[in-house]
Amino acid sequence: MLSGTVGRGTALGAVLLSLLAVPAHAEPPAEAPPTTPREAAPNTTLREAAAPNTTLRKAAPNTAPNAAPRNAAAAPDLAALRAALRSALANGAPGAIARVDDGGAVHRLAEGVADRATGRAITADDRFRVGSVTKTFTAVVLLQLVDEGLLGLDDPVVDHLPGALPDRRITVRHLLSHRSGLYDYTNVLFARTVSGFEAVRNKVFTHRQLLDISLDGPVTGAPGAAYSYSNTNFVVAGMLIEKLTGGSTGAAYRKRIITPLKLTNTFYVHPDTALPGRHTKGYLTDDSGGGLVDATRQTASWAQSAGAIISSTRDLNAFYSALLRGELTSAAQSAQMRRWTTVNSTQRYGLGLRRRDLSCGVSVYGHTGAVQGYYTYAFTSGDGKRSLTSFANASNSSAVLNTLPKTLEAAFCPSAAAARATAPGGRPEPAPGEREDIAPYPARG
Ligand code: REY
């Protein structure tokens, strides 16, 4: 549902919402009803399952919870989008970009510089580190492996990785929905921002080493009990991919997503430190709020299957659009991906997929990402027809971070965004129940 005129709480909105087959904000239980582990897999033979999935599924009939006829949507508010990018710059980001793919129309916006040393202007086509947007790629690969019958979402992880985790109650579903209770090792690595980063910039970790840092820390809860965002979950997901495919996670991304979708700006170069081709530099904000550190070159080995992909606005829009159209997994796994766990009043988490409930009653689906120097927001409408990727080449700054949700409002809630575009200043700190869930939250502005 893209109409900017359908406001949550309005009579018209209530009527339209009630007409939809599935309410936009229905809250199915996070836990699956009891199923046998293989039940969700389609009828594939094991021989078929072993074949690499290099072809795409046909777009599924539109069953997205808040899909609406395309003509119901008001056009994205490009002035509000540009104002949001400018407010990222006013709050300290050297550059900010956005791209909206809207049916056939493409809108590219860019403000500021890609490189503070040379002054090169940033472009909406520059490549960047996408951080945790990688988690959706990882979840898609695992869900394809579920489709192929190689594992079940409710399988204990240790059935596939014997001895890897101390608690055999942790399931694959718990990992992908951040409900395992596994401690986020980045809390240890990046307790101090710049020195923590410099200590890992050129380091190459195994998945096991990252998991061991987590296991030295406290669990955050019992398996399945509560949402607690943790990179550790997607490191273990990467271990599962490597065990089940017999290859690297990078190879799985390429074979199953990057090549079939022709994502020519998307790379997994770990542990190389350079971004291929034209890219923007990334600037890490010191905890004192002062200096910016050029963090572009790094192995991103601390992130791997939790956050090491490099991509572009075009490719992320193409990826999420294909995902929401049902081209990357079976309908059964697509539905599993959209079983929501509550994050806060406006945010939900599925399986490697975020849902944001915007001010006009529209929900959008995608992910956020934060690696040193790079903040990304990539979200798509429920029917996959309108996609936005917005990005700033700065991180560890709540002031910059809090400007980026305004790009979602501009793209998907145009009339609401227009009303706010004239309001002076940047977005204030979000209310406690609406705080940006982008881990770990920056120490200060
Ligand atoms: C890691 C620290 C952020 C970033 C993180 N990113 O977990 C994953 C994600 C892949 O969710 C760093 N912050 C910053 C600090 C805070 O060092 N002391 O903001 O660049 O995308």
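Two strands pair if DSSP finds at least two bridges between them. Keep that rule in hand for this predicted model. β4 and β13 meet it: they pair in the parallel sense over two bridges. One of the residues involved is L284, whose bridge partner in β13 is S395.

Now look at the sheet around that pair. Three strands form an open sheet, in the order β5-β4-β13, and the pairing is mixed. β5 and β13 (394-395) stand at the edges. Each has a single partner strand, so one side of each is left without a neighbour in the sheet. A helix joins the picture here. Helix α8, residues 193-200, packs on the sheet and touches β4 and β5. The direction of α8 makes about 140 degrees with that of β4.

What holds strands together in general? Strands of a sheet pair through backbone hydrogen bonds, either parallel or antiparallel. For the antiparallel sense, turn to strand β1, residues 95-102. β1 pairs with strand β2, residues 105-112, in the antiparallel sense over eight bridges. A98 stands opposite L109 in β2. The two strands form a hairpin with two residues between them. In the turn, G103 has a positive phi of about 60 degrees.

β1 also pairs with strand β12, residues 386-392. That pairing is antiparallel too, and it runs over seven bridges. V100 has L388 as its bridge partner in β12.

How many residues of β1 are buried? Eight of its eight residues are, so the strand is mostly covered. In a regular strand the side chains alternate between the two faces of the sheet. Follow the two faces of β1 in turn. On one side lie G95, I97, R99 and D101, all buried.

Next come two helices. Helix α4 (residues 134-147) packs against helix α10 (residues 231-245) at an angle of about 40 degrees, with the axes 10 Å apart. That angle makes α4 oblique to α10. The cut-off explains the word: angles under 35 degrees would count as roughly parallel. The crossing of α4 and α10 is left-handed. Which residues meet there? From α4 come K135, T138, A139, V141, L142 and L145. From α10 come N231, F234, A237, G238, L240, I241, L244 and T245.

A covalent link comes next. The count of disulfides is one. C360 and C413 form it, with their sulfur atoms 1.9 Å apart. The torsion about the S-S bond is about -70 degrees, so the disulfide is left-handed. The pair links distant parts of the chain, 53 residues apart. C360 sits in the loop between β9 (354-357) and β10 (363-371). C413 sits in the loop between α15 (405-412) and α16 (414-421). Are these cysteines buried or exposed? C360 is buried, with a relative accessible area of 3%. C413 is buried at 0%.

Most residues other than glycine have a negative phi, and most peptide bonds are trans. Start in the loop between α11 (249-258) and β4 (283-285), where P271 is found. The peptide bond from H270 to P271 is cis, with omega near 5 degrees. K262 lies in the loop between α11 and β4 as well. The phi of K262 is near 55 degrees, a positive value in a residue other than glycine. Is K262 buried or exposed? At 60% relative accessibility, K262 counts as exposed.

Q304 also has a positive phi, about 40 degrees, although it is not a glycine. Q304 lies in the loop between β5 (292-294) and β6 (310-311). With a relative accessible area of 5%, Q304 is buried.

T171 lies in the loop between α5 (157-160) and α6 (172-176). T171 counts as buried, at 10% relative accessibility. What does T171 touch, not counting residues up to four places away in sequence? Its contacts are L153, D154, D155, P156 and V157.

How values were computed
Residues are numbered from 1 along each chain as its sequence is written. This is a predicted model: local features need pLDDT of at least 70, side-chain atom pairs count only at pLDDT 80 or more; totals for chains, interfaces and linings use all residues. Side-chain values use heavy atoms; hydrogens and water are left out. Helices (H or I, at least four residues) and strands (E, at least two) are DSSP runs, numbered from the N terminus. Buried means under 20% relative accessible area, exposed over 50%, partly exposed in between (1.4 Å probe, protein chains only). Contact means heavy atoms within 4.5 Å. Axes are lines fitted to C-alpha atoms, for helices over the stretch in contact, and angles run from 0 to 180 degrees between N-to-C directions. A disulfide is a pair of cysteine sulfur atoms within 2.5 Å. Angles under 35 degrees count as roughly parallel, over 145 as roughly antiparallel, 65 to 115 as roughly perpendicular and the rest as oblique. A crossing is left-handed if the near helix is turned anticlockwise from the far one by less than a right angle, and right-handed if clockwise.
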